[in-house]
Amino acid sequence: MHFADGVIPEDYLGYVRHKYLWILGGIILLFILLVVSISVGAAGVPPYDVFLSLVNGTIDRITVFLHSTAIPAEELSSTDRIVWNIRLPQALAAIVAGIGLSVAGVAMQSILRNPLGSPFTLGISNAGAFGAAVSVILLGTGQMHSSVADAVTVSNPYLTTIVAFFFCLIATAVILLISRVRGASPEVMVLAGVAISSLFTAGTMFLQYFADDTQLAAVVFWTFGDVSRAGWQELGLMALVVAGATLYFVANRWNYNAIDAGDETAKGLGVNVEAIRNVGMVVAALVSAVIVSFLGVIGFVGLVCPHMVRRLIGDDQRFLIPGSCVMGGILLLASDTVARIIVAPYVLPVAVLTAFLGAPTFIYLLLRGYRR
């Protein structure tokens with residue numbers, strides 16, 4: 001944004017400062033929540049010990065990387081094993097998944113100019129659930145492992161993930177093909193997503209009807225959504241995809257601001273609306289497909305978080321995109337933490353809690369918005 005004589009008004013500086021402070025406060029809250037999340041569980045670890053383990057462990061691993069050596073297993077304390085081998089991957093998976101779902105949601109809402117736009121509105125999660133059902137029931141990959149029931153195991157978890165990812169991409173391709181036939185309008189894409197979602201839901205129900213008890217349990221547990229499924233290798237892949245997608249959306253923040261003003265206005269400003277819309281949909285779908293295929297179906301994060309951030313810092317995509325990322329990490333990490341302790345020693349799937357929290361929160365936001 002340019003101002004006459006290069007002078008930036010104080011009101012604008014205050015406007016920007018206010019939004020940056022909200023985002024910075026969210027990042028600090030997210031780090032505090034990360035320490036608290038790692039500290040709670042069946043074996044409690046004091047938050048101060050968690051903080052020391054994170055700091056010292058990070059320094060040790062940087063040293064190992066620089067000198068190409070390995071940390072002897074006997075030098076790891078019980079606290080380090082709990083923090084680095086069990087709880088930190090789960091907490092980071094919750095943060096990465098929350099960021100990915102939120103940034104995909106805020107991009108879809110802007111691209112489609114529809115407040116109900118999200119990865120799940122377009123049927124991507126249901127396509128992933130259908131893919132998992134195909135893998136478990138038809139390809140015989142066994143039972144999906146879940147922290148909810150240790151007896152539930154899977155003979156080939158990577159095949160289940162690959163098949164789920166494949167069907168997520170099929171759903172995205174069908175939506176884009178329909179939009180090209182009818183024109184890439186927001187309404188066509190949303191309605192196509194609703195139809196695709198219903199189709200894959202029906203397919204999953206059809207497969208479940210012919211499944212035996214163990215196969216049915218595996219499919220149901222997979223659809224719950226569980227961040228504890230991801231190890232360091234899966235976390236690295238998710239983080240790479242989410243980081244790339246976030247950078248893409250941030251790079252197109254001005255295009256999304258223009259589209260928010262209307263397609264004709266955006267075209268008048270030189271924005272290739274159809275290309276931005278189609279590419280953005282593919283990137284958002286890719287992020288959603290990776291997260292759904294590794295963790296299962298986690299709803300409402302991509303739908304609710306952008307609306308919560310809009311209430312705090314407005315619709316400017318320069319701040320809305322990073323703000324939504326931070327809020328997504330906070331919401332999913334907090335949900336996972338509560339899910340692990342609310343009915344201890346049992347562990348609820350995080351998707352159950354996000355649905356319980358997300359549905360009333362979203363209704364409240366809608367009602368509050370309509371009163372304005």
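Analyst: The account below starts with the whole chain, then turns to the charged pairs and to what surrounds one of them.

This is a predicted model, in which local features need pLDDT of at least 70 and side-chain atom pairs count only at pLDDT 80 or more, while totals for chains, interfaces and linings use all residues. Residues are numbered from 1 along each chain as its sequence is written, and side-chain values use heavy atoms, with hydrogens and water left out.

The protein chain contains 14 helices and 0 strands, where helices (H or I, at least four residues) and strands (E, at least two) are DSSP runs numbered from the N terminus. Of the 372 residues in the chain, 49% are buried, a class that means under 20% relative accessible area, with exposed being over 50% and partly exposed in between (1.4 Å probe, protein chains only). Among contacts in the chain with a separation of 6 or more, 75% are between residues 24 or more positions apart, a contact being heavy atoms within 4.5 Å. The accessible surface comes to about 17,700 Å², and 69% of that belongs to carbon and sulfur atoms; these areas come from the Shrake-Rupley method with a 1.4 Å probe, and for residues only the protein chains shown count as cover.

Side chains of opposite charge can pair when their charged atoms come close. A search of the whole structure gives 5 salt bridges, each defined as a side-chain nitrogen of Lys or Arg within 4 Å of a carboxyl oxygen of Asp or Glu.

The part to examine closely is the pair formed by D336 and R340, whose closest N and O atoms are 3.5 Å apart. Both residues belong to helix α13 (residues 317-341), where they are separated by 4 residues, about one turn of the helix. D336 has a relative accessible area of 3% and is therefore buried, and R340, at 12% relative accessibility, counts as buried as well. Setting aside residues up to four places away in sequence, D336 touches Q90, A94, V227 and V350.

R340 also has a place beside an open space, since it is among the residues closest to the centre of the second largest pocket, as the following description shows. That pocket holds about 360 Å³ of space, and of its 14 lining residues the closest to its centre are G41, A42, R87, R340 and V347. On a 1 Å grid over the protein atoms alone, a pocket is an open set of points with protein on both sides within 12 Å along at least five of seven lines, a cavity is a set where a 1.4 Å probe fits but cannot get out, and lining residues have an atom within 4 Å of a point. Grid points are joined across faces, edges and corners, and the volume is the space filled by probe spheres set on them. Helix α3 (residues 78-112) gives the largest share of the lining, 4 residues. By class the lining has 8 nonpolar, 4 polar and 2 charged residues, with Ala, Val, Leu, Ile, Met, Phe, Trp, Tyr, Cys and Pro counted as nonpolar, Asp, Glu, Lys and Arg as charged, and the others, Gly among them, as polar.

At 1% relative accessibility, R277 counts as buried.

With a relative accessible area of 30%, F224 is partly exposed. Apart from neighbours within four places in sequence, F224 is in contact with V297, P349, A351 and V352, and the C-alpha atoms of F224 and V297 lie 6.0 Å apart although the two residues are 73 residues apart in sequence.
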